[in-house]
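Here is a guided walk through one structure. Keep the sequence and the 3D view side by side as you read.

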Amino acid sequence: MCGRYAASRSPEDLAGIFEIDKWEPEETLAPDYNVAPTKEVYAVLDRPLKDADDPEPVRQLRRLKWGLVPSWSKTPEGAARMINARAETVHEKPSYRRAFATRRCILPADGYYEWVTGKQERDLEVEGKRKRPRKQPYFVTPADGSVFAMAGLYEFWRDRTLPDDHPQAWWATCSVITTEAETSPLAVSSADGPRTLADIHPRMPLMLTPDRWDSWLDPSRRDVDDLRGLLAPPPSGLMRAYPVGTAVSNVRNNGPELLTELAAPEEGTLF
């Protein structure tokens with residue numbers, strides 16, 4: 001799954017990486033090292049400009065709220081639960097299938113966090129000696145330092161309780177697509193750490209390599225079978241995972257120090 005990630009790149013950096021044609025400086029977000037559900041995040045998408053005469057899609061950098069609200073939903077209350085869409089079923093689930101066909105985006109990240117219950121802690125839990133085992137957070141990121149381009153979906157939802165000219169009348173929301181975690185060896189691993197992403201968690205965000213970006217964002221591609229082919233996992237051996245401090249477990253903590261690599265998992269959470 002993906003329940004927390006880091007996104008620190010500037011709009012200028014993202015504009016160069018994704019060949020952005022349109023973004024508004026007033027919509028700039030501060031670097032966020034602890035992105036949690038319901039926060040606003042950057043999304044790359046191809047869409048015609050609002051009120052433009054030219055119907056051709058334009059590559060844009062937009063701010064969306066993480067937690068998808070389907071256009072047909074009566075209320076936005078379920079958004080916090082719809083942060084992830086499974087690659088295996090995204091084409092058929094009522095909440096996602098329309099967005100999958102026409103409203104796909106890329107959510108740029110430095111990487112994502114996942115929490116692991118260490119072996120010692122698991123043993124204690126099995127023995128009934130600890131009811132709430134400590135969990136060691138890991139940061140998963142491309143080994144070469146490149147952007148982690150997560151496959152995403154976006155939607156627009158109209159709040160019918162507000163007038164048309166109200167600034168919050170329309171919600172723009174998104175969801176991260178997840179897939180089965182890789183079972184192949186990590187590009188970089190430590191002697192006392194996980195060997196594969198599947199050792200950390202059975203799911204992971206679907207990372208799109210640059211050769212798939214244009215096809216994924218192209219709104220004219222609507223054939224479901226064709227689109228499902230883009231959901232194949234990326235090549236193995238691109239990722240590394242390393243332990244970080246438990247400060248990231250509190251959503252109120254935010255800063256580049258959350259990405260600091262620990263020499264070893266914290267005491268009591270050894271893998």
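Which strands each supply at least two residues of the lining of the largest pocket? They are β3 (40-47), β4 (58-66) and β10 (170-180). Helices (H or I, at least four residues) and strands (E, at least two) are DSSP runs, numbered from the N terminus.

A word on the ground rules. This is a predicted model, in which local features need pLDDT of at least 70, side-chain atom pairs count only at pLDDT 80 or more, and totals for chains, interfaces and linings use all residues. Residues are numbered from 1 along each chain as its sequence is written, and side-chain values use heavy atoms, with hydrogens and water left out.

Start with the pocket. On a 1 Å grid over the protein atoms alone, a pocket is an open set of points with protein on both sides within 12 Å along at least five of seven lines, while a cavity is a set of points where a 1.4 Å probe fits but cannot get out. Lining residues have an atom within 4 Å of a point. Grid points are joined across faces, edges and corners, and a volume is the space filled by probe spheres set on the points.

The largest pocket holds about 840 Å³ of space. Its lining has 21 residues, and E27, R62, R63, F156 and A172 are the closest to its centre. Strand β4 gives the largest share of that lining, 6 residues. By class, the lining of the largest pocket has 10 nonpolar, 2 polar and 9 charged residues. Here Ala, Val, Leu, Ile, Met, Phe, Trp, Tyr, Cys and Pro count as nonpolar, Asp, Glu, Lys and Arg as charged, and the others, Gly among them, as polar.

How many cavities of 30 Å³ or more does a search of the whole structure find? It finds 2. The largest cavity has a volume of about 50 Å³. Its lining is made by A7, S8, R9, L14, Y42, P108, A109 and D110. Of these, 5 are nonpolar, 1 is polar and 2 are charged.

The second largest cavity has a volume of about 40 Å³. W23, E24, E27, Y42, L61, R62 and R63 line this space. The classes here are 3 nonpolar, no polar and 4 charged.

Y42 lies in strand β3. At 10% relative accessibility, Y42 counts as buried. Buried means under 20% relative accessible area, exposed over 50%, and partly exposed in between (1.4 Å probe, protein chains only). Y42 and S10 are 32 residues apart along the chain, and their C-alpha atoms are separated by 9.8 Å.

Next come the charges. A salt bridge is a side-chain nitrogen of Lys or Arg within 4 Å of a carboxyl oxygen of Asp or Glu. By this rule the structure has 10 salt bridges. One of them joins E40 and R63, with the closest N and O atoms 2.3 Å apart. This pair links distant parts of the chain, for E40 sits in strand β3 and R63 in strand β4, 23 residues apart. E40 is partly exposed at 38% relative accessible area, and R63 is partly exposed at 25%.

Another salt bridge pairs D214 with R59, at 2.9 Å between the closest N and O atoms. Here too the pair links distant parts of the chain: D214 is in helix α4 (residues 210-217), R59 is in strand β4, and 155 residues separate them. D214 is partly exposed, at 48%, whereas R59 counts as buried, at 10%.

A further salt bridge brings together the side chains of R158 and D164 (2.3 Å, N to O). R158 is buried, with a relative accessible area of 10%, whereas D164 is exposed, at 67%. Elsewhere, salt bridges that share partners join D46, R59 and D214 into one network.

Finish at D159. Where is D159 found? It is in the loop between β9 (148-158) and β10. D159 is buried yet has no salt bridge. The nearest side chain of opposite charge, R158, is 5.7 Å away. For charge, Lys and Arg count as positive and Asp and Glu as negative; His and the chain ends are not counted. The side chain of D159 does make a polar contact with the side chain of T161 (2.6 Å). A polar contact is a pair of N or O atoms within 3.5 Å; within protein, one must be able to donate a hydrogen and the other to accept it, and residues adjacent in sequence count only if both atoms are side-chain atoms.
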